[in-house]
Amino acid sequence: MIRTMSSGASARGEDVAFESSDNAARSRARALFVASWLALFALKLALVASVALFGDEAFYWQESRALAPGYSDIPPLTAWLVALGRALPFAGEAGVRWPFLLVGAALPWLVVAWARCVVDARDAWHAGTLVLCVPLAALLGVFALPDVPLTVAIVAAAPALFVAIRRDRTRDWLLCGALVALGWLSHYRYAMFYLAGAAFLLVTPDGRAMLRRPGFWLAQCVGAAGLLPSLAFNYAHDFAALSFQFVDRHAWAFDPRALREPFVQALVTTPVLFAACVVAIVRGARAPRAPGTALLWTLAAGLLGGYLVVGLFADLERSRFHWPLPAYLLALPLVPALLRDWSRRAAGRALVVAGVALGAALTLAVPFLLLRGNAGATPLALGWLTDNTRGWHEAGAWFDEVRRRGAGGDALIADNFMLAAELDFALGGAVPIHVLDHPANRKHGRAAQLAIWSRDEAALRAMPWRRGILAVEETSRRPVERLDAYRSLCERFGAVRMLDELRLDAGRAVFVAFEVVPGRDARTCELPAFGYIDAPVAGAIAGETVAVRGWAISERAGIARVEVLVDGESRATARYGLPRPEVRAQWPRSEDPGHPRVGFEARLELATLARGPHELALRLTDGNGRTRIVAEQLVERR
């Protein structure tokens, strides 16, 4: 009897010790999550206030100033959130982004809530911490983009649906319906969540049972209400948005380049976390009776598989690596236990630590690159991102100065929608900016919206004006397209006179301002000179001297002088007039009077050039005495 009592007391002691240990582990996991979340939120807050608007963000800001049930590119929620941001007295970029910052900040907490439906509290907090190690998820909310409410709507729907299935209460189904409506208001890409939901309905017993519940159909009715604003807009405007998103944007033909997408996903989520999420989905499919796992693996697998399959036939011209992000977030609850299993061996432990550390490092590196790009420094990576945020502050200030210096003008014009939106934001929307026809307007689905607003080129021609200031973003086109684009200005306007130029980051961003007057077939048409350095190519140079060869042209005026610059200082005057017939073949309509003798050659002395990196460029002087610096490239003297 005594031994039995001692044994029982010992067992109770072990239970208490185990429970205490479990509570301590859970507390440590929660503390790690909260501390990491707070630190990241502070970092995101700094980015929101300092990084220039992403090009698309500026257009959404324009949409927020013309609230409507929909727009030609996306449903209305993004513009509505930006309008909410503008309603409070926050200046600049922060006033546009703060609602998205708050919505994005909720995402890790939603993953924790979803994980609590599937795993214990400790793994739930670890899953929330892993969100902060996936850069795409961790930095969600820095930019005012539709993926912020879209991702939150998808992730929040999982725990809401889990609770609704278990409790079958009307209020829970109404919440599910509201989240579905939120998703439809965010982006047309929410349709993929419906396909994933169909997998849950058809494959799992819980899903099939839902079809017999009135609450499920109530949720569908509430959710469908989120489609009504977009449908109203499309009906009123020849289905412009649906045509763009589902017809014009995609080739809908198999492209073998899309087969590399799994490797892209492994890069953007880090290889270890990508593999862990995929394995977690497979594990969930093998344990269908565990609470929530059937919902987890069907939704995650449906989203990931659906995006990858559709991606084989969809648009490859624009970034889409962020599409499957919700699938990884839904799979994260099972990842902590999986990583523990992998860590039981030394090699696996090293791999897991390296993978998670890489994700955390990338999360911190992206803000660093954004800040460098915002300051005009050449980024080390992620050029697609920094190129869309760099230079807009400088371009806005420059254009405002040109406008004031030139005594204004009764028409302000930009050559593409993104430049127009950024300049409009810089000027506070004080003066409407019209937009010339440009391939980017159609490529990004904004041409129809500009026409709806009467801001396109057709509206410009229909309005009375006598003098305009035109801003051209030269680097928005490929080099081979730029001469013909400039030549088209001579056919669009009655006169074209070059006013000023802004070159940023060694020519990566180039803006040119013109004075234009209405009419066609200009007799006065001043266009920028062009030049290219064939040799040396960017990189290392060595020896006592190096030959600098290339070509230069200037429409109508011709080239009078070509100088070779090193770090902004003239180091050699080139011999100009060498035969380059291939230049004329490339641009057969070019009117440079020197064709085909538009080549040049110079000898650059290296003896006085310090070892290390330098900027090599050309200074062109045309026949009218105008000068222009072009063809900047980095070389390194060995």
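Buried means under 20% relative accessible area, exposed means over 50%, and partly exposed is in between, with a 1.4 Å probe and protein chains only. I start there as the word comes up throughout this talk.

What you see is a predicted model, in which local features need pLDDT of at least 70, side-chain atom pairs count only at pLDDT 80 or more, and totals for chains, interfaces and linings use all residues. Residues are numbered from 1 along each chain as its sequence is written, and side-chain values use heavy atoms, with hydrogens and water left out. Helices (H or I, at least four residues) and strands (E, at least two) are DSSP runs, numbered from the N terminus.

First, strand β1, residues 411-414. Which way do its side chains point? Ala411 and Ile413 go one way, Leu412 and Ala414 go the other way, and all are buried. In a regular strand the side chains alternate between the two faces of the sheet.

Now the neighbours of β1. Two strands pair if DSSP finds at least two bridges between them. Strand β3, residues 468-473, pairs with β1 in the parallel sense over four bridges, and Leu470 in β3 stands opposite Ile413. Strand β2, residues 433-435, is also parallel to β1, over three bridges. There, Val435 in β2 is the bridge partner of Ala414. To get from β1 to β2 the chain passes through helix α23, residues 417-426, and this β-α-β crossover is right-handed. Right-handed here means that, with the strands pointing away from the viewer, the path from the first strand over the helix to the second runs clockwise.

Next, strand β5, residues 509-517. Why is it described as largely enclosed by the rest of the structure? Because eight of its nine residues are buried. β5 pairs with β3 in the antiparallel sense over six bridges, and Glu473 has Phe511 in β5 as its bridge partner. With strand β4, residues 495-504, β5 pairs in the antiparallel sense over nine bridges. Glu501 stands opposite Val512 in β5. The hairpin of β4 and β5 has four residues between the strands, and Asp505 takes a positive phi near 50° there.

On to aromatic rings. Rings of Phe, Tyr and Trp (its six-membered ring) pair if their centres lie within 6.5 Å; planes under 30 degrees apart are stacked, over 60 edge-to-face, and the rest tilted. How many aromatic pairs does a search of the whole structure find? The search gives 26. One of them is Tyr486 with Phe530, a tilted pair at 5.7 Å centre to centre with 55° between the planes. This pair links distant parts of the chain, as Tyr486 is in helix α27 (residues 479-492) and Phe530 is in strand β7 (residues 530-535), 44 residues apart. Both Tyr486 and Phe530 are buried.

Another pair is Tyr532 with Trp551, which is stacked, at 6.4 Å centre to centre and 25° between the planes. It also links distant parts of the chain: Tyr532 belongs to β7 and Trp551 to strand β9 (residues 545-553), 19 residues apart. Tyr532 counts as partly exposed because its relative accessibility is 46%, whereas Trp551, at 11%, counts as buried.

Phe530 has a further contact: Arg628 lies over the face of its ring, at 5.8 Å from the ring centre. The rule is that NZ of Lys or CZ of Arg is within 6 Å of the ring centre and within 35 degrees of the ring normal. Elsewhere, ring pairs link Phe33, Trp37, Phe41, Trp109 and Trp125 into a cluster.

On a 1 Å grid over the protein atoms alone, a cavity is a set of points where a 1.4 Å probe fits but cannot get out; a pocket is an open set with protein on both sides within 12 Å along at least five of seven lines; lining residues have an atom within 4 Å of a point. Grid points are joined across faces, edges and corners, and a volume is the space filled by probe spheres set on the points.

The second largest pocket has a volume of about 620 Å³. Of its 26 lining residues, those closest to its centre are Pro479, Arg482, Gly531, Tyr532 and Ala631. α27, β7 and β15 (627-637) each supply at least two residues of that lining.

As for cavities, five have 30 Å³ or more. The largest cavity has a volume of about 60 Å³. Which element gives the most to its lining? That is α27, with five residues. Tyr486 is among the residues that line this cavity, along with others including Asp415 and Val472.
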